[in-house]
Amino acid sequence: MKLLAAAGSGVLAAGLAAAVATPAQAKPPAAAWDLDGDGRADRVVEVTGMLKVHYTRKGNGTRLIGRDIVKPVAADPAACSLAFPVSADFDRDGYADLAVVHRCLATAGKWDGPLVTVLYGARKGVTGKRVRHLPQPDGELLVRETFGLVAADATGDGRPDLVVLNRFHAEGSREVRIFDRLAKGSSHAATAAFGAQSHYAAGATVVFGDFNRDRRPDLVISDGDVESDVKTISVQYARKSGGFGPSLPLGRTERIDPIAADVNGDGFTDLVGGFMPGDRTAKGRTWVRYGGRKGLGPLKRVPNTPSGTLAAADLDGDGRSEIVVGQYWSAVDGRPTAGSLVVLRGSQKGLTAKGRQRITQNTPGVPGEAGESEYFGKALTFARYTGSPRPDLLVGAPGEGRVTYLFRVRNGRLSLTKVRRFVG
């Protein structure tokens, strides 16, 4: 089971409602994952190559998005798979949309495609009635692979864009393609090439943030080597004339992909990441590079903060983001890799472990019990699942199967009352 990320690390959107009569009657843009526009995020999980959507609106229930919903290239839908879902209200019609990579097995067991497809939301959710396939680079399909999608404002216009990560096997190169204005017709706002590598399977991630506060999103790329899990991080600052400048190295990390958030409330986006050695019992450290007029500053380690999966949200409304660290590798009461959560506080002086909160499956109020290799905290998603003013946290424990835990936020902390456990 893969839990789909939404807020902080990434989100998206889609189509303009024909029923809107006047601007005064228009619905405000929906938050990510609110596919039916009821003000609450819907849960989306991957199920054997398909997507399962659990709607919060009464009457919409649960719906399975099948492999054939986006008209696959291959004749046999069973040979197809939907992957890398992301969400945002691309067309700002009040319903969040869903973007997916759609791949089908062709001859000799190779992937044919892929198609990048946007499925637009509506009152009844994503139904497949409004679907848009995005153009991809020219060339033979089998030499290109799309290995990730990101929903973010990559162009600085205040609207969510769809970012597509491609790699080309023949040249050994990769690119970041940005599709903007998906409601009116996509255009490539920028294409940034990066990292010719000898290995491809480790994958790369991208993060956007205004690190120098010039009102133009900058690009951070975390690129990896499959054999050692070492990732090289670099930043490309946005140019006034458009596009991005040269790649500037920021150092190396292992396994932990960085996220962008303002943890000290100074208006500059900061970059938060972590280092996890190959031996997970060695406990890597969480680090921050604070933004400033000249961009990202030097790496500063946060004392006594083993790293893991990262997610950001302002839990107490003070304008500074808190960071949740999913220490999925940690032992709990003698059970290896049971997993835990640690909440680090944002403050005027920066990210701090002072007043941190730690939660495991054995914490009173959390349903169930910690077990070996359940990896509680491996997947984290902030979104408004309950419709409350503050975002809720959905936590995945992939070692349990398709199991997620939903935590509400109360008084600036993850609440231990009414914690819900979902299966499937």
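**Entry 1.** I began with arginine 335, which counts as partly exposed at 27% relative accessibility. The model I am reading is a predicted one. I then looked up the partner of arginine 335: its side chain meets that of glutamate 369 in a salt bridge, 3.2 Å from N to O. I noted that this pair links distant parts of the chain, 34 residues apart. Arginine 335 sits in the loop between strand 21 and strand 22, and glutamate 369 in the loop between strand 23 (352-359) and strand 24 (379-383).

**Entry 2.** I searched the whole structure for salt bridges and found nine.

**Entry 3.** I turned to glutamate 322, which forms a salt bridge with arginine 345; their closest N and O atoms are 3.8 Å apart. Glutamate 322 belongs to strand 21 (residues 322-327) and arginine 345 to strand 22 (residues 340-345), so the bridge ties together parts 23 residues apart in sequence. I recorded both glutamate 322 and arginine 345 as buried. I also recorded a network of salt bridges that links Asp316, Glu322 and Arg345.

**Entry 4.** I next examined arginine 130 and aspartate 91, whose side chains meet in a salt bridge at 3.7 Å, N to O.

**Entry 5.** Is aspartate 91 buried or exposed? I find it buried, because its relative accessible area is 3%, under the 20% limit. Arginine 130 counts as partly exposed, at 37% relative accessibility.

Conventions
Residues are numbered from 1 along each chain as its sequence is written. This is a predicted model: local features need pLDDT of at least 70, side-chain atom pairs count only at pLDDT 80 or more; totals for chains, interfaces and linings use all residues. Side-chain values use heavy atoms; hydrogens and water are left out. A salt bridge is a side-chain nitrogen of Lys or Arg within 4 Å of a carboxyl oxygen of Asp or Glu. Buried means under 20% relative accessible area, exposed over 50%, partly exposed in between (1.4 Å probe, protein chains only). Helices (H or I, at least four residues) and strands (E, at least two) are DSSP runs, numbered from the N terminus.
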